[in-house]
Amino acid sequence: MTDITREYERVRGLFDGVDEKQLQLVDGAIVEAARLRVELDKLHNIVIKTGLIKCDPKNPQRQKELPVSRKMKKVRAAYANVIFKLAKVLGNTVG
């Protein structure tokens, strides 16, 4: 089982009890949420090794944002967007 498959199953499990037709309707969004979450985890592992910024050793006030930092912002925003939409669509029917 891949990381994406595990995350897909985890997210889908959060909506147990939701009408199956509604779940089928948003299945692609659940897949996308799983992909984004796995990508965020991979980016986070890179950040642990490299950090988010590079500082000039002679002048620490001179800093440069690393590409992983910019990518992480974009993926985080996309993930949050998908999750909030799923919660809005499916969260109203949980209960």
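Trainee: Where is Asp 56 found?

Mentor: Asp 56 is found in the loop between β1 and β2 (63-65). The names rest on DSSP runs, numbered from the N terminus: helices are H or I runs of at least four residues, and strands are E runs of at least two. This is a predicted model, in which residues are numbered from 1 along each chain as its sequence is written, and local features need pLDDT of at least 70 while side-chain atom pairs count only at pLDDT 80 or more. Totals for chains, interfaces and linings use all residues, and side-chain values use heavy atoms, with hydrogens and water left out.

Trainee: Why does Asp 56 count as partly exposed?

Mentor: Buried means under 20% relative accessible area, exposed means over 50%, and partly exposed lies in between (1.4 Å probe, protein chains only). Asp 56 has 22% relative accessibility and therefore counts as partly exposed. Its C-alpha atom is separated by 33 Å from that of Ala 80, 24 residues apart along the chain.

Trainee: What makes Lys 58 exposed?

Mentor: Lys 58 has a relative accessible area of 81% and is therefore exposed. This residue also belongs to the loop between β1 and β2. Lys 58 and Glu 20 are 38 residues apart in sequence, and their C-alpha atoms are 60 Å apart in space.

Trainee: Which class does Cys 55 fall into, and what does Cys 55 touch?

Mentor: Cys 55, in strand β1 (residues 53-55), has 38% relative accessibility and so counts as partly exposed. If residues up to four places away in sequence are not counted, Cys 55 touches Pro 60, Arg 62 and Gln 63; contact means heavy atoms within 4.5 Å. Between Cys 55 and Glu 65, 10 residues apart along the chain, the C-alpha separation is 8.9 Å.

Trainee: Why is Ile 48 called exposed?

Mentor: Its relative accessible area is 59%, so Ile 48 is exposed. Ile 48 has its place in helix α3.

Trainee: How do you know the relative direction of α3 and α4?

Mentor: Axes are lines fitted to C-alpha atoms, for helices over the stretch in contact, and angles run from 0 to 180 degrees between N-to-C directions. The axes of α3 (residues 27-50) and α4 (residues 67-91) cross at roughly 150° and come within 9 Å. Angles under 35 degrees count as roughly parallel, over 145 as roughly antiparallel, 65 to 115 as roughly perpendicular, and the rest as oblique. α3 and α4 are therefore roughly antiparallel to each other. Their contact holds 16 nonpolar, two polar and five charged residues; Ala, Val, Leu, Ile, Met, Phe, Trp, Tyr, Cys and Pro count as nonpolar, Asp, Glu, Lys and Arg as charged, and the others, Gly among them, as polar.

Trainee: What makes α1 oblique to α3?

Mentor: α1 and α3 pack at an angle of about 125°, with their axes 8 Å apart. That angle makes α1 oblique to α3. The contact of α1 with α3 has seven nonpolar, no polar and seven charged residues.

Trainee: How many residues has the largest nonpolar core?

Mentor: The largest nonpolar core has 21 residues, and Phe 15, Leu 23, Ile 30, Leu 86 and Leu 90 have the most contacts inside it. Two or more residues come from each of α1 (3-14), α3 and α4. A nonpolar core is a set of buried Ala, Val, Leu, Ile, Met, Phe, Trp, Tyr and Cys residues joined through side-chain atoms within 4.5 Å.
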